[in-house]
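Please read the points below alongside the model. They are grouped by topic, and each term is given its cut-offs where it is needed.

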Amino acid sequence: TILILDFGSQYSHLITRRCREHNVYAELMPCTTKIQDINFKPKGIILSGSPHSVYDDVSPHVDLAFFDLGVPILGICYGLQEIAWNLGGEVTKCDHREYGPADITINKFWNGSVDALFEGLGDKMRVWMSHGDQLSTPPPNFHVVGHTSTAPYAAVAHNTKPLYGIQFHPEVTHSPMGKAVIGNFILKICGCRQSWTMEEFIGKEIARIREICGPKGRVIGAVSGGVDSTVAAKLMHEAIGDRFHAIMVDNGVLRLNEAQQVNEMLNKDLGVNLTVVDASALFLSRLDGIEDPEQKRKIIGNTFINVFEEEAAKIEFAAEEEEKKGADPKGRVEWLLQGTLYPDVIESISFKGPSATIKTHHNVGGLLKDMKLKLIEPLRELFKDEVRALGRLLSIPAPLVGRHPFPGPGLAIRILGPVNREQVKILQLADNIYIEEIRKAGLYDQIAQAFAVLLPVKAVGVMGDQRTYEQVIALRAVQSEDFMTADWFAFPPDVLRRISSRITNEVAGINRVTYDISSKPPATVEWL
Ligand code: XMP
């Protein structure tokens, strides 16, 4: 394991990703972590960047006991400055904050070789800089292993100990050789084995689930038809079979035939013990007349908890009855499955400065709290693409594994006006045609998210010799790394033409189709 101590840089999670891409397990912890807080011995430590300056009164500092472990340490940006600050170097403010690309020259030793950190990477490389302070005097016993035209100490190393510091950010994709630099550190310098693979993960995780759940006791969990909950459910099924109960709530604002398709796949194909609850009437009655997006979200969230709890209570009641009969070896409901992923974990543990509060994720309602369920989160160590890889290994069908994300409040936030069955039907049909044509054109995997939006305005059209007065569909398709920023997807015109013509011909109530060409920011991905 590589331990990454997070000093609050916006790039910290990317360091974890880059290590994992080398099949080395890496875990991010806040920089305030003390050595006694960790229950493993890392093979190496990486200190992240930070928005702070090492000289600020409130700036965070590392527990120096980590330096005594004798394992290799790599400081990135602030991490470098933190090493220097602790070991007697000097850090000063730059005249101008340096933000952007720089070319680093790798220093050669007398025999022509370079430091192990840069081995095999050439003499020069393009790297990404983002800093206001820089090293002005290296600490005693350090030597320079790389420099740029403005940073004479852009990369330094200790003469005898495995201590390294680099001013640039190897973790961002703007540093094309950055991943290789991290690879050199964790593989050559730390000597990590490349054993973090999903094949290994499955076996270990199934064993872990069996151990923590014990021989008795049931687990319940919600599935949505998305990748995360499907993978989590299948993993639970592999581990404890029918002691796991999946519940899918049909909230009436799912995609076309979604509940039915999830049922087919999870229940019939994957063998997961699944109950689909059709609560669409309840959801739609509570949504009736509501236009405000936040209110729509709240209603859907709360109703979901009500319905899920009611279903959980039924399972618990049945378990109780069986227990009374003394016939049931499966036990009572003890666990609640959550599909939490590592980015959520990072979000809640990453260092946000001295006054930060921890975000809570788990909105379990009253009844579930009363049932005193313990949480089980089999995906909490994984990034999204690792979940997809796991899904493929668990034989989950490829179209589902590669599926675009779908928001919890569903089509309710894509119907801009009031939500009712007719409006849902129109949007489902239009959205289905849109996605079908994107798949046919072979473009689905190039797009991060695509969906149709139903506008609450009517426009004039003509059909035969009749004048029509019908609604407008807006199509959205974006490319994005992390949905924090996004750009609209440039469709070939003939694909858009086909989609538009099919929607206006096949969906009653629509006579006009528009394409959304807004990026995020200033727009968002969803319209509400
Ligand atoms: P925005 O619209 O904020 O969307 O640019 C970014 C990503 O978040 C998804 N999204 C949601 N997901 N509940 C969800 O589960 C929501 O209320 C919600 N709102 C937006 C959106 O689909 C996109 O992937």
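1. A charge sits over a ring if NZ of Lys or CZ of Arg is within 6 Å of the ring centre and within 35 degrees of the ring normal. By that criterion the charged end of Arg-439 sits over the ring of Tyr-444, at 3.8 Å from the ring centre. Arg-255 does likewise with Phe-406, its charged end being 4.2 Å from the centre of that ring.

2. On provenance: this is a predicted model, in which local features need pLDDT of at least 70 and side-chain atom pairs count only at pLDDT 80 or more, while totals for chains, interfaces and linings use all residues. Residues are numbered from 1 along each chain as its sequence is written, and side-chain values use heavy atoms, with hydrogens and water left out.

3. Overall description. The chain has 14 helices and 18 strands, where helices (H or I, at least four residues) and strands (E, at least two) are DSSP runs numbered from the N terminus. Its C-alpha atoms fill a box of roughly 85 × 70 × 40 Å along the principal axes. Of the 528 residues in the chain, 52% are buried; buried means under 20% relative accessible area, exposed over 50% and partly exposed in between, with a 1.4 Å probe and protein chains only.

4. Which residues surround the ligand? The shell consists of Arg-297, Pro-407, Gly-408, Pro-409, Gln-449, Phe-483, Lys-520, Thr-524, Val-525 and Glu-526, a residue being near a molecule if one of its heavy atoms lies within 4 Å of it. Four of the shell residues are nonpolar, three polar and three charged. In this grouping Ala, Val, Leu, Ile, Met, Phe, Trp, Tyr, Cys and Pro count as nonpolar, Asp, Glu, Lys and Arg as charged, and the others, Gly among them, as polar.

5. A polar backbone atom of Gly-408 is 2.9 Å from a ligand oxygen. The side chain of Gln-449 places a polar atom 2.7 Å from an oxygen atom of the ligand, and an N or O atom in the side chain of Lys-520 is 2.7 Å from a ligand oxygen. On its own the ligand has 490 Å² of accessible area, of which the protein covers 69%; such areas come from the Shrake-Rupley method with a 1.4 Å probe, and for residues only the protein chains shown count as cover.

6. Cis peptide bonds. Lys-520, listed above in the ligand shell, is joined to Pro-521 by a cis peptide bond with omega near -15°. The bond between Pro-521 and Pro-522 is cis as well, with omega about 10°.

7. Aromatic pairs. There are eleven in the structure; rings of Phe, Tyr and Trp (its six-membered ring) pair if their centres lie within 6.5 Å, and planes under 30 degrees apart count as stacked, over 60 as edge-to-face and the rest as tilted. The rings of Tyr-25 and Trp-196 have centres 4.7 Å apart and planes at 45°, so this pair is tilted. The two residues are 171 apart in the chain, with Tyr-25 in the loop between helix 1 (12-21) and strand 2 (26-30) and Trp-196 in the loop between helix 3 (178-189) and helix 4 (198-213). Both Tyr-25 and Trp-196 are buried.

8. A second pair is Phe-304 with Phe-308: ring centres are 5.9 Å apart and planes at 10°, so the pair is stacked. Because they are four residues apart in helix 8 (residues 293-325), Phe-304 and Phe-308 are separated by about one helical turn. Phe-304 is partly exposed at 31% relative accessibility, whereas Phe-308 is buried at 4%. Elsewhere, Tyr-434, Trp-488, Phe-489, Phe-491 and Tyr-515 form one aromatic cluster.

9. Asn-23 has phi near 60°; it lies in the loop between helix 1 and strand 2 and is partly exposed at 29% relative accessibility. Cys-77 has phi of about 55° and lies in the loop between strand 4 (73-76) and helix 2 (78-87). Cys-77 is buried, with a relative accessible area of 5%.

How values were computed. A polar contact is a pair of N or O atoms within 3.5 Å; within protein, one must be able to donate a hydrogen and the other to accept it, and residues adjacent in sequence count only if both atoms are side-chain atoms.
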